[in-house]
Amino acid sequence: MTINDQKGRRETVAPAIELVGISKAFGAVQANKDISIRVMPGTIHGIIGENGAGKSTLMSILYGYYKADKGEIFIKGNQTTIPNSEAAIAAGIGMVFQHFKLVQNFTVLENVILGVEDGAMLRPSLTKARKSLTELAKEYELSVDPDAKIEDLSVGHQQRVEILKALYRHANVLILDEPTGVLTPAEANQLFRILQRLRDEGKTILLITHKLREIMDITETVSVMRRGEMVTTVTTSKTSPAELAELMVGREVLLRVDKKPAKPGAKILDVENLRVVDEAGIERLKGVNLHVCAGEILGIAGVAGNGQSELLAALGGYQKATGTVKINNKLIDVGGAFQGQNRRADGLSHVPEDRQHEGLIMEFTAWENLVFGYHHDADIQNGIFMNNAAIRDEAQAKMERFDIRPPDPRLKARNFSGGNQQKIVLAREIERDPEILLVGQPTRGVDIGAIEFIHQQIMTLKDKGKAILLVSVELDEVLSLSDRIAVMFDGSIMGERLANKTNEKELGLLMAGVKTGTN
Amino acid sequence: MDVLNDFITVLNSTLRLSTPLLLACLAGLFSERAGIFDIGLEGKMLCAAFFSAAVAAITGSVWIGMAAGIASSLALSALHGVASITFRGNQLISGVAINFLAAGMTVLIAQSWFKQGGRTPSLKGNGRFNPVELPVAESLKDIPVFGPIYQGLISGHTILVYVALLMVPLTWWILYRTRFGLRLRAVGEAPEAVDTAGVSVIKLRFAAVGICGVLCGIAGAYLSTGLQAGFVKDMTAGRGYIALAALIFAKWRPGYALISCLLFGFLQAIALRPDLIERYLSFKVQIQLLDVLPYILTVIILAGFVGKATPPRAGGEPYVKEQ
């Protein structure tokens, strides 16, 4: 094809990758429908789409992890087939999966050589890889201790190992699937610098993400996918986040939440010196102090794994803790585990972080899931039996109010999409009219359309004067919903800021454990 | 030198009795390190014990007998592989099925072939593995301490005892020094890493299960043609399960596997000599109580009383690509 190079000359360059008419079905689900895409060499090409749009499937086909049902693959203009990952590696394609494919108890070196050893004996390969890693580290700012075990490395460093693995295999095309989901803003910025460097060296980068900002910041071209189909490919500089969002969802989307100023009332939740020690004896919460008032949202920001999960579990009543917790000035016993039932009686509802394991029973129906935790309520009992007909009717009504699709209470939770699963949990917890709502990762794995709805529901609850504690690893989400923001790092609150008086940079530093001036 | 002689006798039996455990334990190590749990060690050993003895009795050659034993064990391995790797079945159920199959089939065929109540005929001469005298054992026997140890403990075992002992460093070397070992360990920890590195998970796992079959075959052959002189019903007597316990005790490492198998072998060895306990510790023990010791230790190990053992992370799970 013909493109304009930087000096304006017209030149003919074969695309680094060209996919034509790719289709792939998993059972009845058509993950990719007749997809075609061209990726030019030496560019960063973004692929954006909602969860389940088929981005990862498409890239996994290119990497030979899945096999396409139909379609053709061209690399540098030559038609080829990629039946397995071995063929993809041979064709110069490397992939960094969203869930890293590393052997946890192997060293960095062992992970790097796995599959591309130079002979039957390990030692020469290890020596060669050690030398090569030193060079790559210098060339691309990708330094990592070659003898460290993966399980001892931070997530950011594990990602570097994945990139090094690809480079060690001489990848010319690097696919990254949602690479920033697990990174702090600073780590993400560093990753982007590395990607730009790789591009400048002539490598082609394919970046899969659902974050509009990343697409705008770093890509030259962006392809939009929706429901398994390729919607369009545009030049990034000629589009806008609003336009991309609309293309992704297929209708106009409100990117910003309409946030009314908070009118904080009485202190509903008061937490002092909350500590949690896990089974291995490691202190996960190191004396957390916080409070949430009626009519406000306190957002907890932080990189995953810094104590947020333990905080929610302790407050939700299924993790033993020490410290003082008051709900509406009533002292709550946090020392005994498994007290979710008492918490609900005290007016606390909880939308857990992990909806598939903690929020729902996937093999049970929607109506059963919509009543869990409240199934002892007097109005649904019928002598020693439960009044299932009444529960189902109630479930049907909730499903309509929360726009849960398909609105069939007899479907298993497993059969709903991520967004609709989350709505089931939200409907169950919000409809009980709690005094305080704990919400963990409300939109993880949820598509933009449903995100908008979920955010509105949380805002409505706040405007009704309820207290809300929001935990999310999506900094954008915390910023746009919260009135106050507390940042957690290593089991402690690093600092608290007013949402309208802070920014991502300041919060990012706190998330990385860097103390700055307090306000 | 009575004490020394008694000591040597017990250790000598320890070595002999540890050998089948060690071979089975290393067999399990290869399989489980690759992520395939194998509760069918017992059945494979039993099957190999029968076919080794039966074919040795018919042909008069222990080597042909052992080859038949290994082949039969490999066939059961292939069954386990097809069920649990190709068809992603439950590895425990497949293993249990193999144990039942072996327990029934061996006696049935033995009765049909030899009509001796489910036994094979007693093996003689070249029909079994005979002790190997190491060089100069006879001439060194008069040297104090070292002589008797060399002659009575180190020398004079069947070849398979030495094979089992050599398998320990060999297994270590394969696991930690070769490409195959690296990939084998990786496939038991993170098969998706192996798959995305462009290496076949299925081939690797079949290779591991195959090695497991060969080692179980040798272990079974040793039971009926080295340790004993023929096959009797259920002659493995739970050794496959004890080997599994030893494997957990050894935390899936070859060096520790040697130590834990020697420990189990030692317990079996003192059960053979209750008179020694009476003589040295001056109290009388019920033989039944001694016999049950290895099994008690197995229960204790499996119940997790010996510290936390982390099995290979992907162990027991069929590999399915995530969607």
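Q: In which crossing, left-handed or right-handed, does helix 14 of chain A pass helix 15 of chain A?
A: Helix 14 of chain A passes helix 15 of chain A in a left-handed crossing (the near helix is turned anticlockwise from the far one by less than a right angle; clockwise would be right-handed). Helices are DSSP runs of H or I, at least four residues, numbered from the N terminus. The model is predicted: local features need pLDDT of at least 70, side-chain atom pairs count only at pLDDT 80 or more, and totals for chains, interfaces and linings use all residues. Residues are numbered from 1 along each chain as its sequence is written, with chains lettered from A and ligands numbered from 1 in the order in which they are written.

Q: At what angle do helix 14 and helix 15 of chain A pack?
A: Two packed helices are described by the angle between their axes and the distance between the axes. Here helix 14 (residues 418-430) and helix 15 (residues 448-463) of chain A pack at about 15°, with axes 10 Å apart (axes are lines fitted to C-alpha atoms over the stretch in contact; angles run from 0 to 180 degrees between N-to-C directions). Helix 14 of chain A is therefore roughly parallel to helix 15 of chain A (angles under 35 degrees).

Q: Which residues of helix 14 of chain A meet helix 15 of chain A?
A: A:Gly419, A:Gln422, A:Lys423, A:Leu426 and A:Ile430 meet A:Ala450, A:Ile454, A:Gln457 and A:Leu461 of helix 15 (contact: C-beta atoms, placed from the backbone, within 7 Å).

Q: How many residues does each chain give to the contact of chain A with chain B?
A: Chain B gives 19 residues and chain A gives 21 residues. On chain B, helix 8 (179-189) and helix 9 (191-196) each supply at least two residues of the side that touches chain A.

Notes
Contact = placed C-beta atoms within 7 Å. Parallel < 35°, antiparallel > 145°, perpendicular 65-115°, else oblique.
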